[in-house]
Amino acid sequence: MKNLILLFSFLAIVSCNGQTDLETLKFDEKVPGNIVKGEKETEANYGLLAYKQADVQNYKLGTASFSAYSVPKGYEYSNNNLSVLVNSYQNNNYLGFILNLAKEDEGKKVIDYLTKTYGNPEKRSTDKTGTAYFWDAAAKNKWMFLTQTQELTQDNAKYTNTKLIVVKKGTRVENASDASVFSILDSFNLAYPKK
């Protein structure tokens, strides 16, 4: 019976076209087996444990789908990529995700979807070429941080990079349980102050 419930849970996560909708993943529940097959990495800014997903086109966020896109003449990081965050590599309980989109129209689709679903974001202060948004989706117990920056390719062509971080509300740097450690929101507030 338990296996049958797990099978139905997995099928509910995967849509008809085979894409996993990131909106269906539940905080504090084990991530599906296909995700833990990703490359283990520690996220650089917040020290969160993650599984980097090789095939970002196998995922979507609501109505926004992604492609396996790399910027022509870009750097190693100039591509669409996804990292699924977990509380530990032993438990593999879902903590959130980091989605990096180097394809400009896909970044726009994500912003449109988030705005339609969660309302207008809180706009933050950035330099003149960037954008930073924050959504506090209290009903879904999650924080969403989105930044857009102008990046350069190896031959100095400009492109817009969109980075979306979705985490369980209250998550701290390095997923610490110590209340004296900055939360992800505290850290974001320092980098992108409220206007």
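How many of the 11 residues of β11 are buried? Select β11 (158-168): 8 of its 11 residues are buried, so the strand is largely enclosed by the rest of the structure. Buried here means under 20% relative accessible area, exposed means over 50%, and partly exposed lies in between (1.4 Å probe, protein chains only).

Before going on, note that the model is predicted: local features need pLDDT of at least 70, side-chain atom pairs count only at pLDDT 80 or more, and totals for chains, interfaces and linings use all residues. Residues are numbered from 1 along each chain as its sequence is written, and side-chain values use heavy atoms, with hydrogens and water left out.

**Whole chain**

Show the protein chain as a cartoon; it has 4 helices and 11 strands. These are DSSP runs numbered from the N terminus, with helices being H or I of at least four residues and strands E of at least two. The radius of gyration is 17 Å, close to the 16 Å that the globule rule gives for 195 residues, so the chain is as compact as a globular protein of that length. That radius is taken over C-alpha atoms, and the rule is 2.2 Å times the number of residues to the power 0.38. The C-alpha trace spans about 55 × 40 × 30 Å along its principal axes. Of the 195 residues, 44% are buried.

**The sheet**

Select the strands next. An open sheet is formed by 8 strands in the order β2-β3-β6-β7-β11-β10-β9-β8, with antiparallel pairing. Two strands count as paired if DSSP finds at least two bridges between them. At the edges are β2 (39-42) and β8 (122-123), each of which pairs on one side only.

Return to β11 and look at its two neighbours.

- With β7 it pairs in the antiparallel sense over 6 bridges; select G96, whose bridge partner in β11 is V167.
- With β10 it runs antiparallel, joined by 11 bridges; select M144, which stands opposite V166 in β11.

The hairpin of β10 and β11 has 5 residues between the strands, and N156 there takes a positive phi near 65 degrees. Move on to β9 (residues 131-137), which is joined to β10 (residues 142-152) by 7 bridges and runs antiparallel to it. Here F134 stands opposite F145 in β10.

**Helices on the sheet**

Select α3 (residues 104-118), which packs on the sheet and touches β7 (94-101), β9, β10 and β11. Contact means heavy atoms within 4.5 Å. The direction of α3 makes about 155 degrees with that of β10. Then select α4 (residues 184-191), which also packs on the sheet, touching β9, β10 and β11, at about 35 degrees to the direction of β10. Axes are lines fitted to C-alpha atoms, for helices over the stretch in contact, and angles run from 0 to 180 degrees between N-to-C directions.

**Salt bridges**

The whole structure contains 6 salt bridges, each being a side-chain nitrogen of Lys or Arg within 4 Å of a carboxyl oxygen of Asp or Glu.

Select E23 and K142, whose side chains meet in a salt bridge (2.6 Å, N to O). E23 is in the loop between β1 (20-21) and α2 (33-36), K142 is in β10, and the two are 119 residues apart. Both E23 and K142 are buried.

Select D28 and K168, which meet at 2.7 Å, N to O. D28 lies in the loop between β1 and α2 and K168 in β11, so this pair ties together parts 140 residues apart in sequence. D28 is partly exposed, with a relative accessible area of 46%; K168 is also partly exposed, at 22%.

Select D136 and K169, whose closest N and O atoms are 3.1 Å apart in a salt bridge. D136 lies in β9 and K169 in the loop between β11 and α4, so the pair ties together parts 33 residues apart in sequence. D136 is partly exposed at 42%, and K169 is partly exposed at 30%.

**Last stop: A102**

Is A102 buried or exposed? Find A102 in the loop between β7 and α3: A102 is buried, with a relative accessible area of 4%. Not counting residues up to four places away in sequence, A102 touches Y69, V71, S78, N79, N80, Y159, T160 and N161. For a distance check, select Y59, which is 43 residues from A102 along the chain; their C-alpha atoms are separated by 15 Å.
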